[in-house]
Amino acid sequence: CSSDLSNLIKSLKKAKNKVQIFGIGGPNMINSGLTKSLFPIKELSILGIFEIIPKIYKVFSLLKSTEKDLIKIKPNVLVTIDSPDFNFRVLKKISNKIPFTKKIHYVAPTVWAWRGGRAKYLSKYIDKLLTILPFESKYFTKYNLKTKFVGHPIYEIKKNKKINKRDLYIKYKIKNGCKIISFLPGSRLSELKKSLPVLIETINIIRNHSNFKIHVLFYILPHLRKYFNKYKFNFSYSLINEIDKYDAFKISNAAISSSGTVAIELSYFNIPTIVIYKLNFLS
């Protein structure tokens, strides 16, 4: 989640010693102090087996660029964050090429759920692992990997902040008496393309089998809005600004969300949520 990463950068910038931060990120990270992104983080936003095949050359090219950049910079500390399929390959390739760089991985792979061999693999290439769930450490310490539980970044969200419900209704033209459904399709264009038709069909089914009015709150990232605007909707809706995201959660009766961090955020706000994901038929 880019907001989590930008918070990490902001925290590092508060250190007494001057810190210069390079890496790969998006607008939030750059605005928080990332000196320059090697390439836009959205280039790595690929999910699925067959979805990656057309982009495999591009991914290997980005992998090589990242390796060259790290060897050139020789950072004091390298922090790899989540994205194991990409980051673990980077760590393996640069492991012996920048030996004096301390290597820290943030967000442990879910070895307790599947692909347990990644715990042993990761222990070969990093100096420390930062975990966000309290029970994860035991899966890595048995391979002599130093771990530290730092807590889930979701708890940095101030969910008890008072909101002005009336102002939100006016700003987003929500009529009184409507049931509000938040829809969060994810950050990838492929996710949006697959989930929007399903949402439209879903809303129509709800309307045909209920006697209440519906207002949908869409959470669409800026780089996806051009595609989103091509759609025509026959129901009341609003596009939520990022600054109002959590306030809008609080007025939602329910949510439909793609699988990911945002589904955890919705649970944090106690919003009844249907979590969805749609890949192509072969995947």
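Below we go through the sheet, its helices, the aromatic rings and the cores.

Q: What kind of model is this?
A: It's a predicted model.

Q: Okay, the sheet then. How many strands form it, and in what order?
A: There are 5 strands, ordered β9-β8-β7-β10-β11, and they form an open sheet with parallel pairing. In general, strands of a sheet pair through backbone hydrogen bonds, and that can be parallel or antiparallel.

Q: Which ones are the edge strands?
A: β9 (236-239) and β11 (273-276), and each of those pairs on one side only. From one strand to the next, the twist averages 20 degrees.

Q: How many bridges join β8 to β9?
A: Strand β8, residues 214-218, is joined to β9 by 4 bridges, and the two run parallel.

Q: Now helices. Which strands does α9 lie across?
A: Helix α9 (residues 189-208) lies across β7 (179-184), β8, β10 (254-258) and β11. Its direction is at about 160 degrees to β8.

Q: And what does α12 lie across?
A: α12, residues 261-268, lies across β7, β10 and β11, and it runs at about 160 degrees to β10.

Q: Which residues of α12 are buried?
A: Val262, Ala263, Glu265, Leu266 and Tyr268. The buried residues of this helix pack against β7, α11 (245-250), β10 and β11.

Q: What comes just after α12?
A: Asn270, which takes a positive phi of about 60 degrees.

Q: Let's zoom in on Leu184. Where does it lie, and is it buried or exposed?
A: Leu184 lies in strand β7. It counts as buried because its relative accessible area is 4%, and the cut-off for buried is under 20%.

Q: What is Leu184 in contact with, leaving aside neighbours within four places in sequence?
A: Its contacts are Tyr219, Phe249, Ile256, Ser257, Ser258, Val262 and Leu266. Two of those names, Val262 and Leu266, came up among the buried residues of α12.

Q: Switching topic: how many aromatic pairs are there?
A: The count comes to 21 aromatic pairs. One of them is Phe235 with Tyr237, which is edge-to-face, with 6.5 Å centre to centre and 75 degrees between the planes.

Q: Why does that pair count as edge-to-face?
A: Because the planes are 75 degrees apart, and the label applies over 60 degrees.

Q: Are Phe235 and Tyr237 buried or partly exposed?
A: Phe235 is buried, at 8% relative accessible area, while Tyr237 is partly exposed, at 35%. Both belong to a cluster linked by ring pairs, along with Phe183, Phe218, Tyr227, Phe228, Tyr231 and Phe233.

Q: Which charged residues sit over rings?
A: Among them, Arg115 has its charged end over the ring of Trp114, 5.2 Å from the centre. Lys159 lies over the face of Tyr268, 4.5 Å from the ring centre.

Q: Last topic, the largest nonpolar core. What's in it?
A: It has 21 residues, and Phe86, Leu91, Leu122, Leu129 and Phe140 have the most contacts inside it. The helices α4 (56-73), α5 (84-94) and α6 (117-123) each supply at least two of its residues. α5 gives the most, with 5 residues.

Q: What does Phe140 touch?
A: Not counting residues up to four places away in sequence, Phe140 touches Ala108, Pro109, Val111, Ala119, Leu122, Leu129, Leu145 and Thr147.

Q: What about a second core?
A: There's a separate one of 20 residues, including Ile154, Leu168, Ile240 and Ile251.

Methods
Residues numbered from 1 in each chain as written. Predicted model: local features only at pLDDT ≥ 70, side-chain atom pairs only at ≥ 80, totals over all residues. Heavy atoms only, no water. Pairing = 2+ DSSP bridges. Axes fitted to C-alpha atoms, helices over the stretch in contact; angles between N-to-C directions. Contact = heavy atoms within 4.5 Å. Phe/Tyr/Trp six-rings, centres within 6.5 Å; stacked < 30°, edge-to-face > 60°. Buried < 20%, exposed > 50% of the residue type's maximum accessible area, 1.4 Å probe, protein only. Lys NZ or Arg CZ within 6 Å of the ring centre and 35° of its normal. Core = buried A, V, L, I, M, F, W, Y, C linked by side-chain atoms within 4.5 Å.
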